[in-house]
Amino acid sequence: MPTLVTGATGFLGRHLVRLLVERAEAVRALVRQGTDDRELRELGVEVARGDVLDGGAVRRAAAGCGLVFHLAGAIGYERSGRERQRRVNVDGVRIALAAAEPGSRFVHVSSVAAIGPVDSPERPADERQAYPARADRYVYPETKRAGEALVLAAAGAGRDALVASPGFLIGPGDVHRASTWPVERYLQGTLRLLVEGGLSFVDARDVAAGLVSLAEHGRPGERTILTSREGNLSHQAFFRRVGAVTGIRRRQIVLPARVAVAGASVIRWPVKPGEVSAAANWWFYDPAKAERELGFVTRPLDESIADTAAQYVTYRGPRST
């Protein structure tokens, strides 16, 4: 039976599809009209054309599939994009769940953002954290949380459905610059201002391997965090690591969150006000469950940083500005 992957042309989707093909699994990908599918076809992937919001197209794509990886989603932190994100991150999940064959396993790829930020970087969250009310002001976590709720409710009603919660992705192959663009901006010298806060970074290749293991061993109705224990870093610490790995060191200034948000509202920055506001939190997570139950491991963070940077610049020795 084939495996269906939605979001197969995205950053994580490309790594997952390639890994599945390497395992000699039959893969079918739901791909929107007009999206370049040459890489998928070269890998021998069966391409089904259609939008994740088109129930008929998703049903045809899911027909005969014993496993569905639902990766399709929309990212953004501005309130102006809320309606689109609700359509993709909530309605898209509902449609995919309804389209999946009865008895098939449904692996919904959400985000650690749906677990919410923590109060202190010293206490990373696990899967049991109560969702903090302040996270609802951020569109992406709110909509991803709502999509998760649909999956967990379906599992409660007897469906073989579970949730994966990846950290913030880095690594090679981010062709759409969906999540590694801050590294590019740092290397270009255009990301000079930071806020106090941090993210839980993880290599997309490691998450893809974790998804395969989760599909094999995960329990229905549960959420599993897939991130790097080494990846819980403040913004300052992360970019210092980028500078150390690449030899390109940029001076950066940390601003108070209110000042940074106000500045992003009136000055053209690489980041938008909603992104700045969200960044001024500690998005730190504990992968102990995945390590214990899936044997989940991640490569050294510096390797991931080097491979991320290599897609944006060829660096030769230290440079500081």
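Select Arg87, which counts as partly exposed because its relative accessibility is 35%; buried means under 20% relative accessible area, exposed over 50%, and partly exposed in between, with a 1.4 Å probe and protein chains only. The structure on the screen is a predicted model, in which local features need pLDDT of at least 70 and side-chain atom pairs count only at pLDDT 80 or more, while totals for chains, interfaces and linings use all residues. Residues are numbered from 1 along each chain as its sequence is written, and side-chain values use heavy atoms, with hydrogens and water left out.

Arg87 belongs to helix α4 (residues 82-99). Helices (H or I, at least four residues) and strands (E, at least two) are DSSP runs, numbered from the N terminus. Leaving aside neighbours within four places in sequence, Arg87 is in contact with Leu53 and Gly92, where contact means heavy atoms within 4.5 Å.

Next, select helix α3 (residues 55-62). Which of its residues are buried? They are Gly56, Ala57, Val58, Ala61 and Ala62. These buried residues pack against α4, as well as β1 (3-6), β2 (27-31) and β3 (46-49). At the N-terminal end of α3, display Asp54, which caps the helix: one of its side-chain oxygens lies 3.1 Å from the backbone nitrogen of Gly56. Just after α3, Gly64 has a positive phi of about 80 degrees.

Now move to His15, located in helix α1 (residues 11-22). His15 counts as buried because its relative accessibility is 18%. Not counting residues up to four places away in sequence, His15 touches Pro172, Gly173, Ala204, Arg205 and Ala208.

The next selection is strand β10 (residues 223-226). In a regular strand the side chains alternate between the two faces of the sheet. In β10 both faces are covered: Arg223 and Ile225 are buried on one side, and Thr224 and Leu226 on the other. Strand β6 (residues 161-166) pairs with β10 in the parallel sense over 4 bridges; two strands pair if DSSP finds at least two bridges between them. Within this pairing, Ser165 stands opposite Ile225.

Finally, select the residues that line the second largest pocket: Tyr186, Leu194, Gln236, Phe239, Arg240, Gly243, Ala244, Arg249, Arg250, Gln252 and Val254. A pocket is an open set of points on a 1 Å grid where a 1.4 Å probe fits, with protein on both sides within 12 Å along at least five of seven lines; lining residues have an atom within 4 Å of a point. Helix α8 (residues 235-246) gives the largest share of this lining, 5 residues.

Note on methods:
Polar contact = N/O pair within 3.5 Å; in protein donor to acceptor, adjacent residues only side chain to side chain.
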